[in-house]
Amino acid sequence: MKKLLEFINNLDRRWIFLFIGLAVSLPLFFPLGIDFTVSHPVQGFYDTIEKVPNGSKILMSCDYDPGSLPELYPMTVAALEQMFRKDLKVIVTCLWPAGPPVVERALNHMAFEYKKEKGIDFVNLGFKEGREVVMVSMGASIPNTFPTDYNGTPVTQIQIMQGVTNFKDLAMIVNISAGYPGTKEWVQQVQARYNIDLVSGCTAVSAPEFYPYYQTGQLKGLLGGMKGAAEYEKLVGVMGLGTRGMDAQSVSHLTVFFFILIGNLAYFVLRALKGKEVK
Amino acid sequence: MTAEALGVWLGAGFTLCILSFLYKDNPFYKFAEHVFVGISAGYGVALQFHNVFLPNLWRPLIAGNLVMIVPLILGMFLFARFSARVSWLSRWSIGLLIGIYSGIAIIGFGSGDLVAQIHGNLLPLWGGDYLTSFNNWILCLGLIACLVYFFFSREHKGSFGFVARVGIYFLMISFGASFGYTVMSRMSLLIGRFYYLYGDWLHILPQ
Amino acid sequence: MRKEVPLIITFLAGAFFIADYFVPHTGFSHIAETINGWTIIVITFAYVLGVANVTRVNLDYIQRKGKDTPYKIILLICLLFMMTVGIVWGIAEGTIFDWFFINIYVPMQSMMFALLAFYIASAAFRAFRIRSTQAALLAITAVLVMIGRVPIGEAIWKDFSNFAEWIMNVPQLAGKRAILIGAALGAISTGLKVIVGLERTHLGAD
């Protein structure tokens, strides 16, 4: 017994890596299909977009890079699905350098499915360096901040940008964010100044700190991590990576819990046994 | 083999190179790491060139907007850092940037965080039903206790110390929740990568 | 004057942008908008400066013939290649630049971040020892949120998700709000110190 506990206490971390690898892999091959309910912040995200009149213009700021793809790309795709279904006109910006090509793919894929036209139904304005300064600059003039789209077409020649000067000409802002700059800066610099409806999809790491913003109403909706993406996909009616990953998420969380439990058990039982030996 | 298939095999190969670091540091990982740093730095420059330099500076400048010489010069001043003799010039550009960001941050934190969050916590202690009222009491007392804990100008003893200890308990709950969500986030990233390897590369996942 | 002029610039810029929030005058906003546009451009040069520094550091290493020299050469080749291909042939979807980004950059960056999953599990196993009441509270909350926020939590107990949501909306929120308020006060005081010149570390040594 003591040898087993010592083995557990001194377990080579590569065994833990192996267990985590199996915990994530096996449910992908043998799905459990466990159902889940939708939480209030996710419902708020969906309802806020749903309330926007059809045909309105929405700003979608995709502030992430490939490091957060599994959490945020499903949110992007599901949000585009909902917005294109409502015939909303989507203006996309990116404040992270590695964001534009990823978002461009999501836009082109969804546009093909919904037969939407670039420049008329959506536009990817690309990336601008500057973080909060870009947000404040957009508050004065979006065309002056983004004179061309991602492919170099002047915004004056893009139909969807006609009549769009600043945030007052937009129905709401959808922010998909991985960190800084992201939701916090959008709340501080844009929502606080212009009082525009703002919803956020963010990584699970950031989500806990945005609950205060949701409670005050500064955020009208919040998607947190892959679970948030899965709940949102359920509302929109799509089967994306968010939903497919939930079983693996469940099993991996149980595995981490199991390791915390046996780690503590081994530690405290060994300590008690060593205490008895000393006496 | 199509370009797309080649790309997936290349991506999977590099993914496995990075994954090999779990066993131990090795030449495959080092190679992949250096390729990544080179590609990302080169990517950034090309992106900045097309998305910022050309539309925001170069085209307005050659169209006759001579005021754009000012940011061009300020930007060039940053490169003065490479010369010990004229490195002081870079401080002008840095001073401008720091001043602007400080001003914007003061407004953002003041209106977006400080005022709004305090306002959001001014909750009725009787909220219409027992659960809402209980929650409002927890929120009010919790926030006050945490803020008392953060007040380090006074020693945490006596009744002040008791309230500060309650504040620590609320903070521990916050950090515990953050840890739980952090685990969720990290596992999601791994799920995404395994989905790519099993699905996009090997095509062995069930439909 | 080498430090005084930048300090004056910092003060004027900071004070101007604070005033911009309160002054509704169109002329004032127009000047702020122009300076914002300049800032975006100057920051871009700062990014390029960073890349130039990476190049310089690696070239120095290659000259000194360190043991990782072959890797540094590969780094510089990739940097130069990606930069040239992007600037010359463009960055749109379907270009060589885009192909390398999607098939090399994306998988590698994703995997680098995905490695953290292994390390967080390992760290949780080794370091998460419940030695005090506070540690116990942290651990219990972490476990409740971790299990409650995934579908298996609802399979174990149908209100587990609602309970986890309550933890996020009430006790957790109180702590996070206190941190937000504290951080806001800190950021405002640091910003003011920078603007009035009490904080000068950004200007470097003389």
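Domain bounds come from an automatic or database domain assignment. By that assignment, chain A is divided into domain 1 (2-30 + 248-278) and domain 2 (40-242). The C-alpha centres of domain 1 of chain A and domain 2 of chain A lie 41 Å apart.

This is a predicted model, in which local features need pLDDT of at least 70, side-chain atom pairs count only at pLDDT 80 or more, and totals for chains, interfaces and linings use all residues. Residues are numbered from 1 along each chain as its sequence is written, chains are lettered from A and ligands numbered from 1 in the order in which they are written, and side-chain values use heavy atoms, leaving out hydrogens and water.

Start with the sheet in chain A. Its six strands form an open sheet with parallel pairing, in the order S3-S2-S1-S4-S5-S6. Strands, like helices, are DSSP runs numbered from the N terminus (helices: H or I, at least four residues; strands: E, at least two). Two strands pair if DSSP finds at least two bridges between them. The edge strands of this chain A sheet are S3 (122-127) and S6 (221-224), each of which pairs on one side only. From one strand to the next, the twist averages 15 degrees. Strands of a sheet pair through backbone hydrogen bonds, either parallel or antiparallel.

Strand S2 (residues 89-94) of chain A runs parallel to S3(A), and four bridges join them. Ile91(A) has Val123(A) in S3(A) as its bridge partner.

Helix H3 (residues 40-51) of chain A lies across strand S4 (172-177), strand S5 (198-202) and S6 of chain A. H3(A) runs at about 125 degrees to S6(A). Helix H10 (residues 225-236) of chain A lies across S5 and S6 of chain A, at about 120 degrees to S6(A). Axes here are lines fitted to C-alpha atoms, for helices over the stretch in contact, and angles run from 0 to 180 degrees between N-to-C directions.

Two loops of chain A deserve a look. Most residues other than glycine have a negative phi, and most peptide bonds are trans. The peptide bond from Tyr180(A) to Pro181(A) is cis, with omega near -5 degrees. Pro181(A) sits in the loop between S4 and H8 of chain A. Lys115(A) has a positive phi, near 55 degrees. Lys115(A) belongs to the loop between helix H5 (100-114) and S3 of chain A.

Next come helix pairs. In chain A, helix H8 (residues 183-194) packs with helix H9 (residues 207-216) at an angle of about 30 degrees, with their axes 10 Å apart. H8(A) and H9(A) are therefore roughly parallel to each other. Angles under 35 degrees count as roughly parallel, over 145 as roughly antiparallel, 65 to 115 as roughly perpendicular and the rest as oblique. The contact (heavy atoms within 4.5 Å) joins Thr183(A), Lys184(A), Val187(A) and Gln188(A) of H8(A) to Glu209(A), Phe210(A) and Tyr213(A) of H9(A).

Other helices pack between chains. Helix H6 (residues 132-140) of chain A meets helix H4 (residues 90-120) of chain B at an angle of about 70 degrees, with their axes 10 Å apart. H6(A) is therefore roughly perpendicular to H4(B). Glu132(A), Val133(A) and Val136(A) in H6(A) touch Ile100(B), Tyr101(B) and Ile104(B) in H4(B). By class, this contact has five nonpolar, no polar and one charged residues. Ala, Val, Leu, Ile, Met, Phe, Trp, Tyr, Cys and Pro count as nonpolar, Asp, Glu, Lys and Arg as charged, and the others, Gly among them, as polar.

Finish with chains B and C. Helix H1 (residues 3-19) of chain B packs with helix H4 (residues 96-127) of chain C at about 30 degrees, with their axes 8 Å apart. H1(B) and H4(C) are therefore roughly parallel to each other. Residues in contact include Leu6(B) and Phe14(B) in H1(B), and Trp99(C) and Met108(C) in H4(C). The contact of H1(B) with H4(C) has 15 nonpolar, four polar and no charged residues.
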